[in-house]
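My entries are below the display.

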Amino acid sequence: MAEPRWDVQCRDPFGRDRALTVIVDRGRVVLVPPPGASAVLSAQQTRRLRQALDQAAGRASE
């Protein structure tokens, strides 16, 4: 079975579309930044990231 994964859309500092990826791996939550390791999020994207992290934390503790 594939690990749970959530992609949260964002932009890099230059305005290009990117994504933060949240993965659960062996009971740990992994946050994978976009290339360049910098993400600019709107308020809505920040809420989506919070939701993804909450879901990942729940899966990681199972």
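The entries follow in the order of the look-ups; the model is a predicted one.

Entry 1, core. I looked up the largest nonpolar core and found 10 residues: Trp6, Val8, Cys10, Leu20, Val22, Val24, Leu49, Ala52, Ala56 and Ala60. Two or more residues come from each of β1 (5-11), β2 (17-25) and α1. The top contributor is α1, with 4 residues. In soluble globular proteins, nonpolar side chains tend to be buried together.

I listed the contacts of Trp6, leaving out neighbours within four places in sequence. Among them are Leu20, Val22, Val24, Ala52 and Ala56, and Trp6 also touches Arg48, Gln55 and Arg59.

I placed Gln45 in helix α1, residues 43-60. Its side chain comes to 3.1 Å from the backbone oxygen of Gln9. Beyond four places in sequence, Gln45 contacts Val8, Gln9, Cys10 and Val40.

I counted 6 salt bridges. Arg5 pairs with Asp7 at 3.5 Å, N to O; Arg5 is exposed because its relative accessibility is 53%, over the 50% cut-off, while Asp7 is partly exposed at 38%. For Arg11 and Asp17 the closest N and O atoms are 2.7 Å apart. Asp17 is exposed at 54%, and Arg11 is partly exposed at 40%.

Is Asp12 buried or exposed? I read 4% relative accessibility, so Asp12 counts as buried. Asp12 bridges to Arg18 at 3.6 Å between the closest N and O atoms, and Arg18 is partly exposed at 25%. A network of salt bridges links Asp12, Arg16 and Arg18.

Methods. Residues are numbered from 1 along each chain as its sequence is written. This is a predicted model: local features need pLDDT of at least 70, side-chain atom pairs count only at pLDDT 80 or more; totals for chains, interfaces and linings use all residues. Side-chain values use heavy atoms; hydrogens and water are left out. A polar contact is a pair of N or O atoms within 3.5 Å; within protein, one must be able to donate a hydrogen and the other to accept it, and residues adjacent in sequence count only if both atoms are side-chain atoms. Contact means heavy atoms within 4.5 Å. A nonpolar core is a set of buried Ala, Val, Leu, Ile, Met, Phe, Trp, Tyr and Cys residues joined through side-chain atoms within 4.5 Å. Buried means under 20% relative accessible area, exposed over 50%, partly exposed in between (1.4 Å probe, protein chains only). A salt bridge is a side-chain nitrogen of Lys or Arg within 4 Å of a carboxyl oxygen of Asp or Glu.
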